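User: I have a structure open and want to learn how to read it. Where do we begin?

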Amino acid sequence: MCTHSEVQHTVAAMDFFTLVMNVVATPTLITTLFLLLPPIVFFKLLISSFSFLFPEDLTHKVVIITGASSGIGEHLAYEYAKKGANLVLVAKRERSLTEVAEQAQVLGAPDVLVVPADVTNYDDCQRVIEAAVNRFGRLDHLVNNAGIGHACMFEEVSNVKNFTTVMDVNFWGSVYATYLAVPHLKKTKGKIIVNASAGGWLPYPRMSLYNASKSAMINFFETLRIEFRNEIGITIATAGWTESEMTKGKFLAGDGKLVVDQDIRDVQVGLYPVLYSEECAKAIVDAARRGKRYLTVPTWFGVLYLWRVFVPEVIDLLFRLLVIARPGTATPPSKIVMDAIGAKEILYPVSIREPEIKVD
């Protein structure tokens with residue numbers, strides 16, 4: 001057992017080395033970064049040029065897409081189909097999946113397997129992977145796309161236990177599928193594509209738990225990228241507001257129930273232009289084929305990341321001013337302005353202006 005004196009000496013030594021690291025390591029790391037940055041950027045440009053000229057041929061590759069019954073997932077299926085890939089489409093709504101599968105085959109997919117499943121259920125995820133391998137004998141891409149959002153202030157949550165589904169779908173659904181797919185992806189030197197959302201780094205109000213789940217996804221897959229070395233490629237997509245059921249207004253409300261509320265959608269999306277899901281899906285598939293580590297769409301949205309890193313106070317202030325209603329008022333300024341100038345007609349695709357969503 002250590003004596004009190006030995007503990008004091010240990011603490012003093014640790015404090016000394018921490019001080020040395022703060023004084024020496026900080027300027028050393030900054031200097032090294034600036035010295036290494038030019039050659040690293042040049043090397044990355046060379047790699048990027050090569051991948052641009054020689055993207056992956058997806059003909060007869062096998063691709064699993066979760067959350068494929070609507071939105072970005074649906075259009076990911078169409079984009080992969082156009083490239084000649086075999087598809088395994090996963091979601092809870094079987095009829096919608098079947099419709100997507102039929103269209104995917106029209107667009108060029110040689111074979112499409114529909115697997116109704118809940119990604120929050122480990123056994124369901126195991127069934128998906130087994131069905132894919134049994135049908136096609138291999139697995140090349142796993143697209144973790146399934147997701148669910150909410151739109152309420154944290155203090156408006158009536159029972160926080162009702163919101164575990166957000167982490168279950170967005171994070172654990174991706175973890176389960178990835179864990180089970182890894183052995184098969186290693187055999188083909190395959191790829192994992194992660195639809196993580198810009199919410200993973202942009203602290204949008206009323207979406208705290210959703211943002212946290214997406215941030216968890218980003219960090220999880222960034223860590224796996226290091227662990228897998230070059231055995232499995234990983235592309236992390238962080239899309240801004242995109243045409244989907246979420247931008248139709250489908251969110252978990254404060255009581256944890258799933259609703260379609262276009263008023264709260266208008267508050268959340270506000271004056272942001274909504275990207276067409278077809279454009280988003282095309283960019284994601286292109287990034288995966290070229291082995292990109294990250295993708296943010298639309299491109300201009302990535303600039304917000306720089307603001308978040310260098311002037312987070314400005315981002316915080318803008319959100320408070322535009323997205324949160326002032327005391328004594330019920331409507332945030334962003335919605336007031338949007339309604340006044342009719343911006344919805346210009347900024348929102350026609351498909352999300354009506355509240356109807358797929359039900360089966």
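Analyst: We begin with helix axes, which are lines fitted to C-alpha atoms, for helices over the stretch in contact. Keep in mind that this is a predicted model. Here the axes of H2 and helix H9 (residues 277–289) come within 8 Å and cross at roughly 55°.

User: What does a crossing of roughly 55° make H2 to H9: roughly parallel or oblique?

Analyst: Angles under 35 degrees count as roughly parallel, and 65 to 115 as roughly perpendicular. The angle here is roughly 55°, so H2 is oblique to H9. The crossing of H2 and H9 is right-handed.

User: Which residues of H2 and H9 meet?

Analyst: On the H2 side, they include Ile-72, His-75, Leu-76 and Tyr-80. On the H9 side, Cys-280, Ala-281, Ile-284 and Val-285 are among them. The residues of this contact of H2 with H9 divide into 8 nonpolar, 3 polar and 4 charged.

User: Let me try another pair. How do H5 and H6 cross?

Analyst: Apply the cut-off again: under 35 degrees counts as roughly parallel. The axes of helix H5 (residues 164–188) and helix H6 (residues 208–228) come within 8 Å and cross at roughly 20°. Therefore H5 and H6 are roughly parallel to each other. H5 passes H6 in a right-handed crossing.

User: What residues meet between H5 and H6?

Analyst: H5 brings Val-166, Met-167 and Phe-171, among others. H6 brings residues including Leu-209, Met-217, Phe-220 and Phe-221. The contact of H5 with H6 divides into 14 nonpolar, 4 polar and 2 charged residues.

User: Now a single residue. Where does Ser-70 lie, and is it buried or exposed?

Analyst: Find its element, then its accessible area. Ser-70 lies in the loop between strand E1 (62–66) and helix H2 (71–82). Buried means under 20% relative accessible area. Ser-70 has 14%, so it is buried.

User: What is Ser-70 in contact with, leaving aside neighbours within four places in sequence?

Analyst: Ser-70 is in contact with Arg-93, Glu-245 and Lys-358. Two of these names, Arg-93 and Glu-245, come up again in a salt bridge.

User: Why can side chains pair like that?

Analyst: Side chains of opposite charge can pair when their charged atoms come close. The structure holds 19 salt bridges. In one of them, the side chains of Arg-93 and Glu-245 meet at 2.9 Å, N to O. Arg-93 lies in the loop between strand E2 (86–91) and helix H3 (94–107), and Glu-245 in helix H7 (residues 245–248), so the pair ties together parts that are 152 residues apart in sequence.

User: What about the salt bridge of Asp-316?

Analyst: Asp-316 forms a salt bridge with Arg-308, and the closest N and O atoms are 3.5 Å apart. Asp-316 is partly exposed, with a relative accessible area of 27%. Arg-308 is partly exposed at 27% as well. Elsewhere, salt bridges that share partners join Asp-263, Arg-265, Asp-266, Lys-335, Asp-339 and Lys-344 into one network.

Notes. Residues numbered from 1 in each chain as written. Predicted model: local features only at pLDDT ≥ 70, side-chain atom pairs only at ≥ 80, totals over all residues. Heavy atoms only, no water. Helix = DSSP H or I, 4+ residues; strand = E, 2+ residues; numbered from the N terminus. Buried < 20%, exposed > 50% of the residue type's maximum accessible area, 1.4 Å probe, protein only. Contact = heavy atoms within 4.5 Å. Salt bridge = Lys/Arg side-chain N within 4 Å of Asp/Glu carboxyl O. Axes fitted to C-alpha atoms, helices over the stretch in contact; angles between N-to-C directions. Parallel < 35°, antiparallel > 145°, perpendicular 65-115°, else oblique. Left-handed = near helix turned anticlockwise from the far one by under 90°. Nonpolar A, V, L, I, M, F, W, Y, C, P; charged D, E, K, R; others polar.
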